[in-house]
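The sequence and structure are shown first.

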Amino acid sequence: MIDRKYADFAWDRAAELLAIDSPSGFTAQAAQWVKGAFEILGYHAEITTKGGVLIDLGGEDSEDALLLEAHTDTLGAMVAEVKGNGRLRLTPLGGMNANNAEAENLRVYTRDGKILEGTLQLCNASIHVNGDYSSTTRSFDTVEAVLDEDVCSAEATRALGVEVGDIVCFDPRTRRTGSGYLKSRFLDDKLSVGILLGFAKYLSDHEITLKRRVYVHVTVYEEVGHGGSASVPAGVTEAISVDMGCVGDGLQCTERQVSICAKDSGGPYSYEVVGKLIDAAKKMGADYAVDVYPHYGSDVEATLRSGVDIRHGLIGAGVYASHGYERSHIDGVYNSILVLCGYLNV
């Protein structure tokens, strides 16, 4: 049986990565961290032209290669307007929801290298002043970024270096509880990057040469829909996205399981690959669930839309409250690693 220390390793690496702000379009530092993390384990890694990380885990059969995909880009926002009162109207990056982001601490990265702190608040956020506080629909037109600076005009804010197009990042608030729950914004999908690092460390520690060639692509534009649409190595016949598994009403999966997705909003996954993932889970004794995700798309679907002729699948540790303050469990991480090992017969 695979030692559970590889799940702990996966979480520790994920927590390090979660501390690096990296919304879509602002991922260079996170990509360099990912590259270095795989290189420490002894694997060749390179930054793609698009900014992702392509890693070669080795293996014998390069004509039937497997591509594992995860992403290090997250949700976030961008400054859309410096308002007359010195506050900022934002536009979301990816599926950031104003309801989930309200009252969250944030950081604004200016083009000249400054990092300014602030909070996302409802416009006129004081309940004792605003009689419409409870009835106001939250959207990025009704909330604003309030900088923790003494500014009350557009000119004063611009004097700090803030301008339209600056990146806005939200505090992940990462923690692991004593009962093994993993809580943070952006577990989608930095937790899966950690899972792939845990899998890679298992291979490295045991000096395992895989029977088939395996590559990892950590993409940087998944949250805006085109992360996996490039950088597929020659010989790849299957691609599996390792992303968050959905937890919610109508689904079987819990945070302590690995989810195998049979279908999402983009259609069914390869019946053959889904079947092999189920067989791998059973073989390894992994706690798993098979589900259909109603509002979901993945890197591997972008890979298919790019025109490559491959089979595709999707697994992930169960994550509750997706695109909000997310929660998973160390057991879900462990079960995900088990399925990867079972799929590749290691």
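His71 is situated in strand β3 (residues 61-71); strands (E, at least two residues) and helices (H or I, at least four) are DSSP runs, numbered from the N terminus. The model is a predicted one, in which local features need pLDDT of at least 70 and side-chain atom pairs count only at pLDDT 80 or more, while totals for chains, interfaces and linings use all residues. Residues are numbered from 1 along each chain as its sequence is written, and side-chain values use heavy atoms, with hydrogens and water left out.

Because its relative accessibility is 0%, His71 counts as buried (under 20% relative accessible area, with a 1.4 Å probe and protein chains only). The side chains of His71 and Asp243 form a polar contact of 3.4 Å (a pair of N or O atoms within 3.5 Å, one able to donate a hydrogen and the other to accept it; residues adjacent in sequence count only if both atoms are side-chain atoms). A polar atom of the His71 side chain also lies 2.9 Å from the backbone oxygen of Asp73. Beyond four places in sequence, the residues in contact with His71 include Asp188, Asp189, Lys190, Glu222 and Asp299 (heavy atoms within 4.5 Å).

## Helices α1 and α2

Helix α1 (residues 5-18) and helix α2 (residues 28-40) have axes that come within 10 Å and cross at roughly 155° (axes are lines fitted to C-alpha atoms over the stretch in contact, with angles from 0 to 180 degrees between N-to-C directions). The two helices are therefore roughly antiparallel to each other (over 145 degrees). Arg13, Glu16 and Leu17 of α1 make the contact with Ala30, Trp33 and Val34 of α2.

Key. Angles under 35 degrees count as roughly parallel, over 145 as roughly antiparallel, 65 to 115 as roughly perpendicular and the rest as oblique. Buried means under 20% relative accessible area, exposed over 50%, partly exposed in between (1.4 Å probe, protein chains only).
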